[in-house]
Amino acid sequence: MSTDTAQRPVLVVDFGAQYAQLIARRVREAGVFSELVPHTITADEVAAKRPVAIILSGGPSSVYAEGAPAFDPQVFSLGIPTLGICYGFQVMAQALGGEVAHTGQREYGATDATVAGDGGVLLGGTPASQNVWMSHGDSVAKAPEGYEVLASTASTPVAAFGNAEACFYGVQWHPEVKHSDHGQRVIENFLHQAAGLPADWTSGNVIEEQVARIREQVGSARVISALSGGVDSAVSTALVHRAIGDQLTAVFVDHGLLRQGEREQVEKDYVESTGVRLITVDAEDTFLGHLAGVTDPEAKRKIIGREFIRAFEKVQRDLVEEAKAEGEPIKFLVQGTLYPDVVESGGGSGTANIKSHHNVGGLPEDLDFSLIEPLRTLFKDEVRQIGRELGIPEAIVGRQPFPGPGLGIRIIGEVTKDRLETLRAADAIARAELTAAGLDQEIWQCPVVLLADVRSVGVQGDGRTYGHPVVLRPVSSEDAMTADWTRLPYDVLAKISNRITNEVSEVNRVTLDVTSKPPATIEWE
Ligand code: XMP
């Protein structure tokens, strides 16, 4: 499944736009393994990866712009089926002898494209007129010699081209975004029809392959893993357990900043469904002790991160001793690193820098273990699918993002046990109502924030109160880098508000955050 195994990838060349990851995901959705590479890759390096096809992603608006990302034209001589998208389409046109006109005019957003003739292999089976998503400045004015024009728009005469013999194709629009009506079909046409690739990349294969690989890597040694309650650690741990059983011990640090029911979910449901041997560290008092009196958000994050490491190291020392006594040292640590994490931390120049929040809740850096990272080549939706196949409960594999420092960064002001209880109750109501309304798929996540240092007057029951407001922060997002506030139905908001103010006595006001990201972040902190 990665390039050091038999699986040969479709290489997705990243020209610096955030679309490259999306393309790589769409390729996998079509059942074909993909790998992202930076545009600085040389023809020799491409050849060494033995790709079955190449897709050139979008990028800046002009190949003529100063510092526009270059690409080794020798790659086009390797005889590998290639699809150019947007900027990649223009790079291809230029390298193959076509003409790219520096128009200075931008075509942006939904555009009507007209397919020429039967659209060739690339656009075959899609309607003669279709809505596509455009975002470009320059245009291809002339297709390279021997290339057929496959589509046009009102302002772009060459909006797609192809050469069936060379198996080179290009589209000016973005087939990978959902706004392009037949986008996935275009990608599938390229992969299955033009390049002749079968749809045989499935999560079932990944499990088998990883299990074999982990067994080989680990031998009879012992392994530890840190569970956070989140998807990535839950799935990587279960996968390693599937391979080596009780040679693995999982550690779960309860820092007291979890949401209602989360500890039970891990200790009971997860353990029951996977059989993983689990040690829970009850560290609530320690964490709250160190957080007492602290209001600065960065300081809170630092304390939580530091205490997490301390708590983990303590168990780890015990486990190391225990393992030594049994004659099998602990040699490995499981990490739920995903493909986007790999790509974002050093995927080469031109790679979009998607997420860079301080990753509190991480493990010590100087651990004397080798890493097992069975999810390193996978995207989140693939990880969830594997989790389901491993039998992990939906409440865990389908979980929305939740920050490592937990509710600690959702209380604005000092974190105390009472305040945590208040927030936990309000959060549980909001989550339950969103689930009941069937809205979990609509939102990326919905933090509930307690403004613990703010009080306002209210009337509850038969008297005036002086309680705290909570903020609902429902957001929609693709990758958490940008987000918009979700337009939740008023009746759902009303129900959440009524229930919180009735059932959580400390709270007498519920407010809604209607800010996008940027300028605001998702979490309040
Ligand atoms: P912001 O607030 O930066 O959050 O817009 C972006 C996404 O990251 C999550 N988040 C974290 N996740 N450890 C994590 O694992 C953290 O320290 C952390 N801080 C924020 C946040 O919930 C949102 O999904």
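How many aromatic pairs does the structure hold? I get nine, counting rings of Phe, Tyr and Trp (its six-membered ring) whose centres lie within 6.5 Å. Planes under 30 degrees apart count as stacked, over 60 as edge-to-face and the rest as tilted.

A note on ground rules: this is a predicted model, where local features need pLDDT of at least 70, side-chain atom pairs count only at pLDDT 80 or more, and totals for chains, interfaces and linings use all residues. Residues are numbered from 1 along each chain as its sequence is written, and side-chain values use heavy atoms, with hydrogens and water left out.

**Phe161 and its partners**

I started with Phe89 and Phe161. Their ring centres are 4.6 Å apart and their planes sit at 45 degrees, so I log the pair as tilted. Phe89 is in helix 3 (residues 87-95) and Phe161 in strand 10 (residues 160-163), so the pair ties together parts 72 residues apart in sequence. Helices (H or I, at least four residues) and strands (E, at least two) are DSSP runs, numbered from the N terminus.

For Phe161 the relative accessible area is 0%.

Next I checked Tyr147, which makes an edge-to-face pair with Phe161, at 5.2 Å centre to centre and 70 degrees between the planes. Tyr147 sits in the loop between strand 8 (139-142) and strand 9 (148-152), so this pair ties together parts 14 residues apart in sequence. Tyr147 counts as buried too, at 14% relative accessibility.

Elsewhere, I find Phe15, Phe71, Phe76, Tyr87 and Phe168 in one aromatic cluster.

**Helix 5**

Which residues of helix 5 are buried? My list is Gly183, Val186, Ile187, Asn189, Phe190 and Leu191. What covers them includes strand 1 (10-14), helix 1 (19-29) and strand 11 (168-171), going by contact (heavy atoms within 4.5 Å).

I also checked the length. Helix 5 (residues 183-194) has twelve residues and should span 16 Å at 1.5 Å a residue; the end C-alpha atoms are 15 Å apart, which agrees. The expected span is 1.5 Å times one less than the number of residues. Just after helix 5, Gly196 has a positive phi of about 70 degrees.

**Domains**

The assignment for the protein chain gives domain 1 (3-194), domain 2 (203-397) and domain 3 (410-512), with bounds from an automatic or database domain assignment. I get 38 Å between the centres of domain 1 and domain 2, taken over C-alpha atoms.

Notes. Buried means under 20% relative accessible area, exposed over 50%, partly exposed in between (1.4 Å probe, protein chains only).
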